[in-house]
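Visitor: Hi! I'm new to this one and would like a quick tour. Could you show me what we're looking at?

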Amino acid sequence: MKQTTDFRYNTGASKVPWPAVGENYNVKDATEVVKFLMKGEGKKYDKIMGKISKNLNDLDKITNPPGKLSLGSEVEKAEDTVNKFLGVDNATFVMNCTSGFEIAYKYANIKPGDEVIVPAITFIATMAYPLAHGAKLVFADVDPKTLNMDPNDVEKKITAKTKMIVPVHIGGYPVDMDPIMKIAKKHKILVLEDAAHAFGAKYKGKMVGTIGDFGSYSFHEVKNITSFGEGGIVTTSIKKFGPELKRARFFGLDFTKPIKNWLYNVTAIEGKEKKFVAANYSTTEIQALGLRLQTERVKQIIAERKRAVKIVNDILKGHKGIIPQSMGNRDYVPTFHLYQLQIDPKICGGDVQVLKAKLEKKGVTNIPHFGPLYRFQVVKDMGYDPEKIAKTCPVCEEVFYKRFTHLPIYGLTDEQLVYMANAIIESVEEMKKGI
Ligand SMILES: *Cc1c(COP(=O)(O)O)cnc(C)c1O
């Protein structure tokens, strides 16, 4: 079968096939991949690795290299697995989450003069495309509890020029999507969910990332699961555009209507208002393996993270002024990608900067993963006035500078979790006493 998205000739079982054009993997490459994934040293390691190397050399005599390395059957299998997991039919595996955003922004035909509403606190990736293409970014203030975009503030910031709203499920905690979808419908605005942290989260029974017009997930190495370092999935709920996602991933190649005497055609892709030219966001078969295997265990990973959060929360419970990570409820099922710790500065007698320093001293690394986007120089460089924007996001200013930090949560031992929770209590007690 010819891949509709693939430009390899893929001539199959002819006498002289033309499978792919580049050098494939050899046994040395394969051995190095094993060594890379399973690092170690010492006599025992060398001995086992020697056996593996010999076995791989023997295998090499009776096997073939994989043939296709990009956009092949492994990518399709990974997409099938993700489709099942999310309950969608057009999950498309792209280079990273940001590539998914780009496809959505291209579909929206984002151009200078358009306005895009993003939350004040997120990662630069959320807004890079509109910023680069001269659209005006409008920063919605955040909900003080979740740090997610506040739907009430979004509504206030809608204008006739608003083209897109981009809710970000920070830390994998679902944004309150109902009011956002309502606003979007009323004003005929597209919604792109930044679900970089939220693969597996649920909002009112729906998978997060499948509620808006577009959703994009990240499998970068720091997220809950990874497709060997980099990767993203983009999906759309726009019926007409769903089948076009794969072409949007690879230059708009169309194998169904080839030009005369040739293999394929290239066409522009129908966007919301006009056609756009696609780019290249292709992924490898090896990345796809990582995505499929880790998607198969993502539920256990989330459960393990939840267990860790509960250990910390049980210790912090009842301590005045300490506001632990929300465990969610039936309507808000998080992925526990980040542990968000907040304090009430009035009760604690100091703000989070004091707490952060105390925790560092006790050996607990803690960093607020995301800051106010409008404080980055690039926003100023593009002609925005950060001070002016800050005045429109008072909650963001308050929570970022005074109230919250993030704690490590995954991959820690129970002892480390207990130590961390106790260190928080001790630090806050010191603050209360003015030490
Ligand atoms: C990591 C991240 C992204 C970007 O993901 P990539 O896969 O690296 O492109 C987008 N938004 C948020 C909030 C993120 O943390």
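Visitor: Thanks! How many helices and strands does the chain have?

Guide: The secondary structure comes to 16 helices and 17 strands. Keep in mind that this is a predicted model.

Visitor: And what is the radius of gyration of the chain?

Guide: The radius of gyration is 24 Å, close to the 22 Å that the globule rule gives for 435 residues, so the chain is as compact as a globular protein of that length. Along its principal axes, the C-alpha trace spans about 80 × 65 × 40 Å.

Visitor: Let's talk pockets. What volume does the largest pocket have?

Guide: The volume of the largest pocket is about 720 Å³.

Visitor: Which residues lie nearest its centre?

Guide: Those are Tyr25, Ala30, Val33, Pro66 and Ile286, out of 23 residues that line the largest pocket.

Visitor: Which helix gives the most to that lining?

Guide: That would be α1, with six residues. Helices α1 (27-37), α2 (43-62), α3 (73-86) and α9 (285-295) each supply at least two lining residues.

Visitor: How do the lining residues of that pocket divide by class, nonpolar, polar or charged?

Guide: The lining of the largest pocket divides into 15 nonpolar, four polar and four charged residues.

Visitor: What about cavities, how many of 30 Å³ or more turn up?

Guide: A search of the whole structure finds one. The largest cavity has a volume of about 40 Å³.

Visitor: Which residues line the largest cavity?

Guide: Its lining is made of Ala196, His197, Phe199, Ser218, Lys223, Asn224, Ile225 and Val298. By class, that lining has four nonpolar residues, three polar and one charged.

Visitor: Changing topic to helix packing. How is a pair of packed helices described?

Guide: By the angle between the two axes and the distance between them.

Visitor: OK, at what angle do α10 and α16 pack?

Guide: Helix α10 (residues 298-316) and helix α16 (residues 414-433) pack at about 35 degrees, and their axes are 9 Å apart.

Visitor: Is the crossing of α10 and α16 left-handed or right-handed?

Guide: The crossing of these two helices is right-handed.

Visitor: Which residues meet there?

Guide: From α10, you'll find Arg307, Ala308, Ile311, Val312, Ile315 and Leu316. On the α16 side, they meet Asp414, Leu417, Val418, Met420, Ala421, Asn422, Ile424 and Ile425.

Visitor: And by class, how many residues of each kind are in the contact of α10 with α16?

Guide: That contact has eleven nonpolar residues, one polar and two charged.

Key:
Residues numbered from 1 in each chain as written. Predicted model: local features only at pLDDT ≥ 70, side-chain atom pairs only at ≥ 80, totals over all residues. Heavy atoms only, no water. Axes fitted to C-alpha atoms, helices over the stretch in contact; angles between N-to-C directions. Helix = DSSP H or I, 4+ residues; strand = E, 2+ residues; numbered from the N terminus. Left-handed = near helix turned anticlockwise from the far one by under 90°. Contact = heavy atoms within 4.5 Å. Nonpolar A, V, L, I, M, F, W, Y, C, P; charged D, E, K, R; others polar. 1 Å grid on protein atoms, 1.4 Å probe; cavity = no way out; pocket = protein on both sides within 12 Å on 5 of 7 lines; lining within 4 Å. Points joined across faces, edges and corners; volume = space filled by probe spheres on them. Rg over C-alpha atoms; globule rule 2.2 N^0.38 Å.
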